[in-house]
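Subject: Structure handover

Hello,

I am passing a structure on to you. Please open it first, then read my notes below.

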Amino acid sequence: MVSKSVGSAALIAVQISTSVKTQTNHYEKARSIERLIDESLSTVNQPVETFVGDVVDRYQQQDNAVTFNAAIDDVSVRVIKGFEIAVENAVENAIKHNPKPVTIELETEVSDDTVDLIVRDDGSGISSHEVAVIENEEESDLAHGSGVGLWVMKWYVKKTGGNLN
C-alpha cells in the first residue's frame with residue numbers, strides 16, 4: 001500500500017512538472033507575440049549559421065532521439081532581433097508533432113536577392129487545415145490552429161520582410 005501511494009505521488013509530481021513546463025512554454029510564446037506587436041523592433045545583420053546553430057545546439061543537447069542535418073551557407077541576413085525564436089518554433093514543432101526518432105534538416109538556398117531557410121523533417125508534414133489557417137491569417141470557432149508556434153514563425157518572418165511557405 002505504501003509503494004502505491006509513493007508511486008501515485010511521483011506520477012502526480014511528473015504531471016504537475018509537465019503542466020508547469022507547458023504553461024511556461026505558452027507564456028514565453030505569448031511574450032514573443034506581445035513583443036512583436038507592441039515594440040518597434042530593430043533589425044540586425046546576422047549570419048544564418050548563428051541563429052540556426054544556436055537552436056540546433058540547444059535541442060541536440062536536450063534530446064538524443066533527434067538528428068539534425070544542416071547545410072547552411074556562409075551568408076548573413078537582415079532580421080529583426082529575436083528571429084531565432086521563429087527557427088526554434090519550427091524545430092520544436094518538428095520534434096513535438098512527429099514520432100521519435102525524428103530527423104530535421106535545415107538548409108539555405110541563396111539567390112541574388114533572397115535567402116531561403118528551409119526546415120524539413122521526416123514526418124507527415126503540417127496538415128492542410130493548419131496551413132490554410134496560417135495562409136488566410138485568421139481563425140474562427142470552426143477554423144483554427146492547434147497552437148501558436150506557426151503564428152509565431154509567420155509573424156517573425158513577416159516582420160522581417162519575408163514569407164513563410
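Here is what I found, from the overall fold down to two local spots.

Please keep in mind that this is a predicted model.

Overall fold. The protein has five helices and five strands. Along the sequence, their order is α-β-α-β-β-α-β-β-α-α. The protein counts 165 residues, and 30% of them are buried. I also looked at contacts between residues at least 6 apart in sequence. Of these, 65% join residues at least 24 apart. The exposed surface comes to about 10,800 Å². Carbon and sulfur atoms supply 51% of that area.

A cis peptide bond. Go to Lys-100 and Pro-101. The bond between these two residues is cis, with omega near 0 degrees. Where does Pro-101 sit? Pro-101 lies in the loop between α3 (84–96) and β4 (102–110).

Thr-108. Strand β4 holds this residue. Is Thr-108 buried or exposed? Its relative accessible area is 7%, and the cut-off for buried is under 20%, so Thr-108 counts as buried. The side chain of Thr-108 makes a polar contact with the side chain of Asp-73, at 2.6 Å. Leave aside residues up to four places away in sequence, and Thr-108 touches Val-48, Ala-71, Ile-72, Asp-73, Val-115, Asp-116 and Leu-117.

Best wishes

Notes:
Residues are numbered from 1 along each chain as its sequence is written. This is a predicted model: local features need pLDDT of at least 70, side-chain atom pairs count only at pLDDT 80 or more; totals for chains, interfaces and linings use all residues. Side-chain values use heavy atoms; hydrogens and water are left out. Helices (H or I, at least four residues) and strands (E, at least two) are DSSP runs, numbered from the N terminus. Buried means under 20% relative accessible area, exposed over 50%, partly exposed in between (1.4 Å probe, protein chains only). Contact means heavy atoms within 4.5 Å. Accessible areas come from the Shrake-Rupley method with a 1.4 Å probe; for residues, only the protein chains shown count as cover. A polar contact is a pair of N or O atoms within 3.5 Å; within protein, one must be able to donate a hydrogen and the other to accept it, and residues adjacent in sequence count only if both atoms are side-chain atoms.
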